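Hi,

Here is the structure I promised to pass on. Have a look at it first, and my notes on what turned up follow below.

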Amino acid sequence: MLEVHYHGHACFELRGEEGSLIFDPFLRDNPQADMRPDAIEVDGILVSHGHSDHIGDAVEISRRTGAVIVAPYELAVYCRERGAKAHPMYIGGSNQFPFGWVKLVQATHGSSLEGRYLGVACGFVVRIGGRTVYYPGDTGLFGDMKLIGELYPLDLAFIPIGSTFTMDMDEAAKAVEFLRPRVAVPMHYNTFPVIQADPEEFARRLSSSPTQVVVMGFGESKKF
Ligand code: NI
Ligand code: MN
């Protein structure tokens, strides 16, 4: 069984029987976050790209807990240089970690921090708690989402809907059509004024889709 906790923005914590992981732990500087980084206890930290609203507090959490940061090579090296435990990977690569199986997939986005280039942005497909989950990170729509859905039949997909830096709602609805997950959870909206979006509108647009849209509140946990 998989338990998902939404910390707000693009930060989700996943717990299965075998362990736990967190995606893009942007907490301290996120006005919507429900927890501080010093309260996070996880086994793995998956970071999709170097932008500050994604790398967030990853290094601090890794240094305190010993959790391994899984990220594209340049970003993983950046974290390691700052004292984090890191496991560099790249798109197409997969690895079985004690807390779950992780594959890196493409994202159409950049990755830099404080002027330093940190490789390309990625998304993740993970298997944890008996479920297969797609976490796209920040991305625009791309046609190979169809391939991701075909290769890794998805129980759950997180979908950015906030526009400006990611897909807007029209493309987010198309992404769900391409991915065909059992459940879609919207993310990356309403943290800042430039990414305002109504998640209930996203759910309405997909009301006749075979995918069930579940809107999670910031700080909410659900079992999938
Ligand atoms: Ni970004
Ligand atoms: Mn972002």
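**What I found**

Strand S1 (residues 3-8) and strand S2 (residues 11-16) run antiparallel and are joined by five bridges. Gly8 has Cys11 as its bridge partner in S2. A quick word on terms: strands (E, at least two residues) and helices (H or I, at least four) are DSSP runs numbered from the N terminus, and two strands count as paired if DSSP finds at least two bridges between them.

Before going further, note that this is a predicted model, where local features need pLDDT of at least 70 and side-chain atom pairs count only at pLDDT 80 or more, while totals for chains, interfaces and linings use all residues. Residues are numbered from 1 along each chain as its sequence is written, chains are lettered from A and ligands numbered from 1 in the order in which they are written, and side-chain values use heavy atoms, with hydrogens and water left out.

**The sheet around S3**

S1 and S2 belong to an open sheet of seven strands with mixed pairing, in the order S6-S5-S4-S3-S2-S1-S16. Its edges are strand S6 (85-89) and strand S16 (221-223), each pairing on one side only. From one strand to the next, the twist averages 20°. (Axes are lines fitted to C-alpha atoms, for helices over the stretch in contact, and angles run from 0 to 180 degrees between N-to-C directions.) Helix H3 (residues 73-81) packs on this sheet and touches strand S5 (68-72) and S6, with its direction at about 145° to that of S5. Contact here means heavy atoms within 4.5 Å.

A hairpin of two residues links S2 to S3, and the two strands run antiparallel with five bridges. Leu14 is partnered with Leu21 in S3. With strand S4 (residues 44-46), S3 pairs in the parallel sense over three bridges, and there Ile22 stands opposite Ile45.

**The other sheet**

There is also an open sheet of seven strands ordered S7-S8-S11-S12-S13-S14-S15, again with mixed pairing. Strand S7 (94-97) and strand S15 (212-213) are its edges. S7 pairs with strand S8 (residues 100-106) in the antiparallel sense over four bridges, and Asn95 sits opposite Val102 in S8.

**The metals**

Which residues hold the manganese ion (ligand 2)? Its protein donors are Asp53 (OD), His54 (NE2), Asp138 (OD) and His188 (NE2), at 2.1 to 2.3 Å. Donors are N, O and S atoms within 2.8 Å of the metal (3.2 Å for Na, K and Ca), and sites may look incomplete because water is not among the atoms. Asp138 also bridges to the nickel ion (ligand 1), and the two ions lie 3.4 Å apart. Asp53 and His54 are both buried.

**The chain overall**

The chain has six helices and 16 strands. Its radius of gyration is 16 Å, close to the 17 Å the globule rule gives for 224 residues, so the chain is as compact as a globular protein of that length. That radius is taken over C-alpha atoms, and the rule is 2.2 Å times the number of residues to the power 0.38. Of the 224 residues, 57% count as buried.

Enjoy looking around!

How values were computed
Buried means under 20% relative accessible area, exposed over 50%, partly exposed in between (1.4 Å probe, protein chains only).
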